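Here are my notes, for when you have the file open.

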Amino acid sequence: MKKLVGFIVLVLWCVSCVQQPVTTPTNSIDAKVTALMEQMTWEEKIGQLHQVEGGQLTPQLYSEIAEGHVGSLLNCPKHLVNDVQRIAMQQSRLGIPLLIARDVIHGFKTIFPIPLGQAATFNPILVEKGAEIAATEASSEGIRLTFAPMIDITRDPRWGRIAESLGEDPYLTSVLGVAMVNGFQGNDLTQPNKVAACAKHFAAYGFSEGGRDYNIADVSEYQLREVILPPFKSVADAGVASFMPSFNEINGVPASANAYLFKQILRGEWGWKGTVISDYFSIKQIKTQGFCETEAQTAALAIETGIDVDMMSYVYHQYLDSLLMDGSVSEKAINDAVRNVLTLKYKLGLFDNPYVDTLAQPIHYDVSHLAVAKQAAIEGAVLLKNEHNLLPLSASQLNSVAIIGPMADAPAEQIGTWCFDAEPSRSITPLMAITKELQDGPIIHYVPGLNYSRDVNTNQIERAVSAAKKSDVVLLFVGEEAILSGEAKCRARLDLPGAQAQLVNAVAATGKPVVMVVMAGRPLCIGNEIANANAVLYTFHGGTMAGPAISDLLFGKSIPSGKLPVTIPQAEGQIPIYYYQKETGRPPHHFTLIDDIPVGAKQTSLGFCTYWLDAGIEPLYPFGFGLSYTQFTYSDIQVSQQNFSATDTLTVTCTITNTGKYNAYEVAQLYVHDPVASLTRPLKQLKGFQKVFIKAGEQEKVSFKLTNNDFAFWNNQNQFVAEPGAFTLYVAPSSDVAKGCSVSVVLE
Ligand code: BGC
């Protein structure tokens, strides 16, 4: 009997051997990292956490790499990549490759519109394609990690980094942030043409008080959970390789020391496993921010918070060893960080091949890349105004065209912020493109009027006026130079810099039809200039191909389809103004504006409701707004069921009719409103959008799927729940939902 039992046990054991897949733990990345870490000294481990500038191969950098004291470089040019990798691979004791990182924010050589402009496309496929091209170009120079996407929500156009953002809305930013991550990373990071992405800046950087860069962010749990964090959660779920803390403090705790954000939420609640890389000096700044007394403490705080890599503070390099020895830092904190860094290097395939192929054909500015950049600039341009259908222009009906303005031929400025590798000589400006477009047609009178956006010398304005007078139409290119937006480029006044307002007004006073094209890094409060122009196209900084894109739009080869990813205020005093507002107890129903108040009026209510005496309640243009050369009407909204339960998926459909003359794209937007809840809810929340092509005179049905999560919010117990009750759904052409259709549904 014993023998029989023994036999059965043996058989079962053999069967289990056969059934279980043969795992080869020594081949898994985890096992490789463990094996490597077993051989590493503490000095070598700390070296992996040290990131420095690699712009020059100085003797010091050489020996630091050779000794295994550096793990990654930022800003290392192509001609040095193989040298530094050879030192790391062949001269350091364990031959660990370096990670080469750089800011590749909206293109590498081929520059796409600034992220805010890309967001205006409402087109995740195009945004993904742009990131994929940026990855292809950047990786061909040895870059394998980009510090992008920036998915900070911001509602403050004074903040210069709004240019790098995807706008004010958590849903739009989530969708487009994921698109960027997918474009950069693909689905196999070992492919040499992919780069690891980095979600930044965690968190609340876009909520810097007063729109002043690096300032504190004082945000409620509601703001954090509902507005700021969702895009980060989305890219974490999508597998973004790395995260970067923000420079600011959040409710008193600097991001690089913020265990609530990094340990509790990111690694804990979300279970994200990736590499956290500090921002430039952000660790050292913890001391400046008044959170600790010594530099050594900054290192201890950051590593214990889970900031794996120290970018440029040098504090891990200087202090981690002694902090470990005296017990101020745990072995676990360092080991976890090293594991995260080495895992990323394995995922990127760097141990197999860290080198760049210097003999490969350059792929920069490939025609296919330029075509995508042009398409992004076309779809990222927002038509704000088009009086009497001035646009599109018909070249054959024009004898002469005036091209005026400091942005008409400013190759470096149209590129926009934070593009270290861009070559302005490759930009095609509006002047160049329109000159080509009109080569056999109307005469062009080109007068810049001002030499650059901040120019206050008005000498040329008279000439610009004469050019306008002798032309059939004026194309007026205004905006901001690239250097006026981006990091530390905050503005308290959001007007057109320099004498541009004077230029616009002088040209408009000629009575000639004026098409104003605004090329800027942010929404500008330029209601007066917009009022003076007959048509306005807001293109943001459109990148390398801004010129051809604008030319195609002006002359009708393309039809505008961009929608604002951010609200445009009437005046700076309205900021923050965004669509995701809540209702007050005194909704704006009937109010008196400043000029209507009788002189000597007694103290009276003036409506006793929420508004600005001098600006009313509306922004200049709402989120999601954008005209076309054609017109769309929304009708016949339907839901698959009026009453639904938490497990149901609702389908919402709506018919859009193109009632105009042009075949065109429309971005239909779905908003949800929960009128009564245990915490008050915003009046509208974007929960879906669809870009549909509709031929002139035809209709298309758009369809959205909504699940329980689309009705949920973070309640007072920090639970994400949908509360039973009625909701209103809108399908509309913008956040001005009155222009769309609505329907009520009930969650039971
Ligand atoms: C910025 C980051 C950027 C880093 C490296 C910092 O000043 O805040 O967004 O990735 O520099 O260039």
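1. Is Asp83 buried, partly exposed or exposed? Asp83 comes out as partly exposed, its relative accessible area being 31%. Keep in mind while reading that this is a predicted model. The partner to look at is Arg86, which makes a salt bridge to Asp83 with 3.5 Å between the closest N and O atoms. Both sit in helix H5 (residues 78-91), and because they are three residues apart there, about one helical turn separates them. Arg86 is also in the partly exposed class, at 36% relative accessibility.

2. Arg267 and Asp308 meet through their side chains at 3.0 Å, N to O. Arg267 belongs to helix H11 (residues 259-269), while Asp308 is in the loop between helix H13 (295-305) and S10, so this pair ties together parts 41 residues apart in sequence.

3. For the overall tally, the structure holds 27 salt bridges. As background, side chains of opposite charge can pair when their charged atoms come close.

4. On to the ligand. Which residues are around it? The list runs Leu74, Asp103, Phe147, Arg161, Lys200, His201, Met244, Phe247, Asp279, Tyr280, Met311 and Glu487. Sorted by class, that shell has six nonpolar, five charged and one polar residue.

5. For Arg161, a polar side-chain atom is 2.7 Å from an oxygen atom of the ligand. Lys200 has a polar side-chain atom 2.8 Å from a ligand oxygen atom, and for His201 the corresponding distance is 2.7 Å. How much of the ligand's accessible area does the protein cover? On its own the ligand has 310 Å² of accessible area, and the protein covers 94% of that.

6. Some backbone geometry to look over. The peptide bond from Ala148 to Pro149 is cis, with omega near 5 degrees, and Pro149 is in the loop between strand S4 (145-146) and helix H8 (170-185). A cis peptide bond also runs from Phe202 to Ala203, again with omega near 5 degrees. Ala203 falls in the loop between strand S5 (198-202) and helix H9 (221-228).

7. Where are the positive phi values? Phe281 has phi near 65 degrees, though it is a residue other than glycine. Phe281 sits in the loop between strand S9 (275-276) and helix H12 (285-288) and is partly exposed at 36% relative accessibility. Tyr314, likewise not a glycine, has phi near 65 degrees. The loop holding Tyr314 runs between strand S10 (310-311) and helix H14 (315-325), and at 27% relative accessibility Tyr314 counts as partly exposed.

8. Last, a sheet. Five strands make an open sheet in the order S18-S26-S25-S20-S21, with mixed pairing. Strands S18 (643-644) and S21 (685-694) are at the edges with a single partner strand each, so one side of each has no neighbour in the sheet. S18 pairs with strand S26 (residues 741-747) in the parallel sense, over two bridges. Within that pairing, Phe644 stands opposite Leu747 in S26.

Technical notes: Residues numbered from 1 in each chain as written. Predicted model: local features only at pLDDT ≥ 70, side-chain atom pairs only at ≥ 80, totals over all residues. Heavy atoms only, no water. Pairing = 2+ DSSP bridges. Helix = DSSP H or I, 4+ residues; strand = E, 2+ residues; numbered from the N terminus. Buried < 20%, exposed > 50% of the residue type's maximum accessible area, 1.4 Å probe, protein only. Near = heavy atom within 4 Å. Polar contact = N/O pair within 3.5 Å; in protein donor to acceptor, adjacent residues only side chain to side chain. Areas by Shrake-Rupley, 256 points an atom, 1.4 Å probe, with all protein chains shown as cover. Nonpolar A, V, L, I, M, F, W, Y, C, P; charged D, E, K, R; others polar. Salt bridge = Lys/Arg side-chain N within 4 Å of Asp/Glu carboxyl O.
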